[in-house]
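Subject: Structure handover

Hello,

Here is the structure for your files. My notes on what turned up in it follow below.

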Amino acid sequence: MASGGFTMIELITVILLVGILGAIGASRFFDDKLFEAKAYADQAKLMIRYAQKLAIAQNREVFVRSDVSGFAVCFDSGCSSANLALDPGGSNNGSSYTKGYCLSGGSYASSWMCIGKSANVTVTAAPARNELAAGGYFFFDAMGRPHNNGDPVGGTSSFTIMPMTFTSGTSSFSVTVEAETGYVH
């Protein structure tokens with residue numbers, strides 16, 4: 001009569017495999033850098049989409065400040081205190097990076113549709129663009145078409161497709177703003 005069970009070699013092999021998989025999984029689970037780029041890319045994409053829809057709904061230009069430290073939605077290129085677009089959820093994410101970036105008149109504006117970038121995340125465009133440089137911005141006209149920061153308000157758009165790459169650690173995510181239609185994906 002044969003008895004059932006596992007051999008010692010089978011048990012040791014399974015324990016080793018579970019240990020190796022656990023070590024790999026734990027390092028990925030506890031490394032938040034892998035998730036920072038994805039979260040920031042998703043938030044930036046939603047803000048840009050909202051800015052386009054707001055421009056169409058309100059029949060006016062809506063500006064997206066998109067410099068090296070974050071993204072913000074405003075009704076003028078300088079994001080003056082009287083022209084901040086309010087976050088439809090009532091407040092932005094309130095992270096320490098957002099609190100340092102989303103300042104209006106020297107004070108943190110929690111109700112502003114604005115987000116600051118973590119030091120662990122880099123945002124690049126290929127080729128490099130003024131819209132993502134210090135003081136950069138682009139805007140949507142009342143028809144939802146994107147314009148470069150050098151285009152005159154009410155003028156013709158010279159905006160070309162803007163692919164952005166959000167990177168943190170070994171993770172990379174893309175957000176693209178299409179020319180003419182302003183479609184964000």
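A nonpolar core, as the term is used here, is a set of buried Ala, Val, Leu, Ile, Met, Phe, Trp, Tyr and Cys residues joined through side-chain atoms within 4.5 Å. Please keep in mind that this is a predicted model.

The cores

By that definition, the largest nonpolar core has 28 residues. Ile48, Phe71, Met164 and Phe166 are the ones with the most contacts inside this core. Two or more residues each come from helix 2 (33-58), strand 1 (62-67), strand 2 (70-74), strand 7 (137-140), strand 9 and strand 10. Helix 2 gives the most, with eight residues. There is also a second, separate core of nine residues, and Ala72, Cys74, Ala109 and Cys114 are among them. As background, nonpolar side chains in soluble globular proteins tend to be buried together.

Is strand 2 enclosed or open? Five of the five residues of strand 2 are buried, so this strand is largely enclosed by the rest of the structure. Both of its faces are covered: Gly70, Ala72 and Cys74 are buried on one side, and Phe71 and Val73 on the other.

Strand 2 forms a hairpin with strand 1, with two residues between them. The two strands pair in the antiparallel sense over five bridges, and Val64 has Val73 in strand 2 as its bridge partner. Strand 2 also pairs with strand 5 (residues 114-116), again in the antiparallel sense, over three bridges. Here the bridge partner of Gly70 is Gly116 in strand 5.

The sheet 6-9-10

Three strands make an open sheet in the order 6-9-10, with antiparallel pairing. Strand 6 (122-125) and strand 10 (171-177) are the edge strands, each pairing on one side only. From one strand to the next, the twist averages 25°. Strand 9 (residues 162-168) is joined to strand 6 by four bridges, and Val123 stands opposite Phe166 in strand 9.

Which residues does Phe166 touch, leaving aside those up to four places away in sequence? The contacts are Ala37, Tyr40, Ala41, Ala44, Phe71, Thr122, Val123, Ser171, Ser172, Phe173 and Val175.

Aromatic rings

How many aromatic pairs does a search of the whole structure find? The search finds seven. One involves Phe63 and Phe139: the ring centres are 4.9 Å apart and the planes are at 35°, so the pair is tilted. Phe63 lies in strand 1 and Phe139 in strand 7, so this pair ties together parts that are 76 residues apart in sequence.

Are Phe63 and Phe139 buried or exposed? Buried means under 20% relative accessible area. Phe63, at 6% relative accessibility, therefore counts as buried, and Phe139, with a relative accessible area of 1%, is buried as well.

Ring pairs also link Tyr40, Phe71 and Phe166 into a cluster. Of these, Phe71 and Phe166 were named above for their contacts inside the largest core.

Two arginines lie over ring faces. Arg60 is over the face of Phe75, at 3.9 Å from the ring centre. Arg129 is over the face of Phe159, at 4.9 Å from the ring centre.

Regards

Methods. Residues numbered from 1 in each chain as written. Predicted model: local features only at pLDDT ≥ 70, side-chain atom pairs only at ≥ 80, totals over all residues. Heavy atoms only, no water. Pairing = 2+ DSSP bridges. Axes fitted to C-alpha atoms, helices over the stretch in contact; angles between N-to-C directions. Buried < 20%, exposed > 50% of the residue type's maximum accessible area, 1.4 Å probe, protein only. Contact = heavy atoms within 4.5 Å. Phe/Tyr/Trp six-rings, centres within 6.5 Å; stacked < 30°, edge-to-face > 60°. Lys NZ or Arg CZ within 6 Å of the ring centre and 35° of its normal.
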